[in-house]
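I wrote down what I looked up, item by item.

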Amino acid sequence: MLQVRFHGRGGQGVVTAAEMLSIAAFEQGRHAMAFPSFGSERTGAPVLAFCRIDDREIRLREPILAPDVLIIQDPTLLHQVDVFQGLQPDGYVLINSTRSFDELGVGDIVKRFRHERLTNVPATEIALKHLSRPVANAALLGGFAALSGLITLDAVSHAIRDKFSGKVAEGNVAAAAEAFDYIKKELLELTHAKTD
Amino acid sequence: MQKQIEGSRAVAEAVALCRPEVICAYPISPQTHIVEGLGELVKSGTLTPCEFINVESEFAAMSVAIGASAAGARSYTATASQGLLFMAEAIYNASGLGLPIVMTVANRAIGAPINIWNDHSDSMSQRDCGWIQLFAESNQEALDLHIQAFKLGEELSMPVMVCMDGFILTHAYERVDMPTQAEVDAFLPGYEPRQVLDPADPVSIGAMVGPEAFMEVRYLAHAKQTMALERIPQIAGEFAQRFGRNSGGLVRAYRCEHAETIVVALGSVLGTLKDTVDELYSDGLKVGVLGIHSFRPFPLAAVRAALQGAKRVVVLEKSFSVGLGGVVSTDVRLALSGLQLHGYTVVAGLGGRAITKASLARTLREAIADKLQPLTFMDLDWRIVNRQLEREAATRRSGPIAENLLRDIGAVASKVH
């Protein structure tokens, strides 16, 4: 079972991100369960959302305590909430930021994890470009598809079109695709740096 | 058709497939998405003919449902928590009059302290109101139970509550198999009321009944619930035949056959419990799970039959009768009259406290070792409980409890000095 935990703030579409990931996984024939943790339903308050993906029916309904994947939609939470709590040693981390992990002040923490599974993507900037709104959730899902290969960009696009329609859907699909390409390129550079 | 949708949406679509003619809506978390979904289906013309009535309170919601049902319309509403309490008087009228309204209760705690999260206090508070109460384990079962509820309620002329865990189910996206309109139409016949307010054939409904017949009217309500004990498994069987899956019924057992310990529970926690006992099983511990899917009528015989081979029974419940202990446990104990079983009540998950596999496994291991207290509050934070008790012993004006506890755990800093 793959367990994904999303960290963000009320109003950023964090719950929608988890829901769209579950739709993408369903589209690929898998079982998925997405659910929110409604701490406080205020704009700006820290919000958690969860998505479990498996090849059989998912019965477990506890919050995700030991995630395989962390998607951090709002980097200002890094020093407010213990976002890395329970992260598995070979887990993935995707942070929405233009800044590196060192610049974000979490360089030491992430040393415990596999560096090729940790990356940042300027998802808000990408979203602004395609949607004129700073809603980074779809871009992050595109980025996650590239980082992990655990879902396809096609499935993410399908999930976006399932949730939204018209210009909003197409803007989000474009944002997801750009974030996908951004991270693919980064990973390629990383592999090249290794071979050099 | 397989879909990946929110639990509330699944219920809204299933209710629409049942062709309700009147839907009364008043928003309250975590039920709101259900009536919002139905509102969209009525507005778009997908669900027609249907009158969607925005009412001014839950009391009005149930009152309008009563009127609509008495006029012969298939009627539906949904609520939760304080909303259910606010309509309590009308709830008793609906069942007392024998009107087959179907209502979703998106289970949520009752305040004070105000709390929007899940537990079973709300529907348990209406345990004795005369409604049939069915509990859903998953979103698939929640949608299936609504289709069964209209059939059951209308056959018996009794109202039915379908209880589903707020947020945990209502707000979860998961895979559901949505039946087609033709399939539901074939399963659920049109509503044939036993009593109807019809100007062409006038009757009055709601007569005052004195000592001469009141007990008999009440007994007949009980007799109907007794009939429901027979009809619920039959309807679930017919449903399984047509739709190819087991949903509803009185109780459903998991790994109970040779189990020495059986955990009894209601609702969505059954999933986490099944995962937990699978792990215990691989450690050689024979633990089974008994899900109660019909809480009213309470299936005494089925519960007894399922539990009588075990050595010990743990009732895990998200409800609590203050001053006594478990609510479900009391009924389970009645079902076990005369049997010498070790019995434990575990109250868990009140007000949305997460019920984790780790805590369940620890609690069940203690039960298996017969080291569990007869009444246990799982994952209770004794530190803040004891601190408040000390505070109350030390000072007369110890202040409001909820605020004190929040301050103790550092959740608020409401005190300025």
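I looked up the chain contact, and 17 residues of chain A are in contact with 17 residues of chain B. I count two residues as in contact if their C-beta atoms, placed from the backbone, lie within 7 Å. On the side of chain A that touches chain B, the elements giving two or more residues are helix H1 (14-27) and strand E2 (31-37) of chain A. E2(A) gives the most, with six residues. Helices (H or I, at least four residues) and strands (E, at least two) are DSSP runs, numbered from the N terminus. By class, I find eleven nonpolar, two polar and four charged residues on that side of chain A. Here Ala, Val, Leu, Ile, Met, Phe, Trp, Tyr, Cys and Pro count as nonpolar, Asp, Glu, Lys and Arg as charged, and the others, Gly among them, as polar.

I note that this is a predicted model, where local features need pLDDT of at least 70, side-chain atom pairs count only at pLDDT 80 or more, and totals for chains, interfaces and linings use all residues. Residues are numbered from 1 along each chain as its sequence is written, while chains are lettered from A and ligands numbered from 1 in the order in which they are written.

Next, the sheet in chain B. I find an open sheet of seven strands in the order E3-E2-E4-E5-E7-E6-E12, with mixed pairing. Two strands pair if DSSP finds at least two bridges between them. At the edges I find strand E3 (51-54) and strand E12 (294-296) of chain B, each pairing on one side only. From one strand to the next the twist averages 20°. Strand E5 (residues 102-107) and strand E7 (residues 160-165) of chain B run parallel and are joined by six bridges. Opposite B:Ala106 I find B:Met164 in E7(B).

Helix H7 (residues 139-156) of chain B lies across E5, strand E6 (132-135) and E7 of chain B, and runs at about 170° to E7(B). Angles run from 0 to 180 degrees between N-to-C directions, and axes are lines fitted to C-alpha atoms, for helices over the stretch in contact.

Last, a helix pair. The axes of helix H10 (residues 269-282) and helix H13 (residues 357-368) of chain B come within 9 Å and cross at roughly 55°. The two are therefore oblique to each other; angles under 35 degrees count as roughly parallel, over 145 as roughly antiparallel, 65 to 115 as roughly perpendicular and the rest as oblique. The contact of H10(B) with H13(B) has five nonpolar, two polar and three charged residues.
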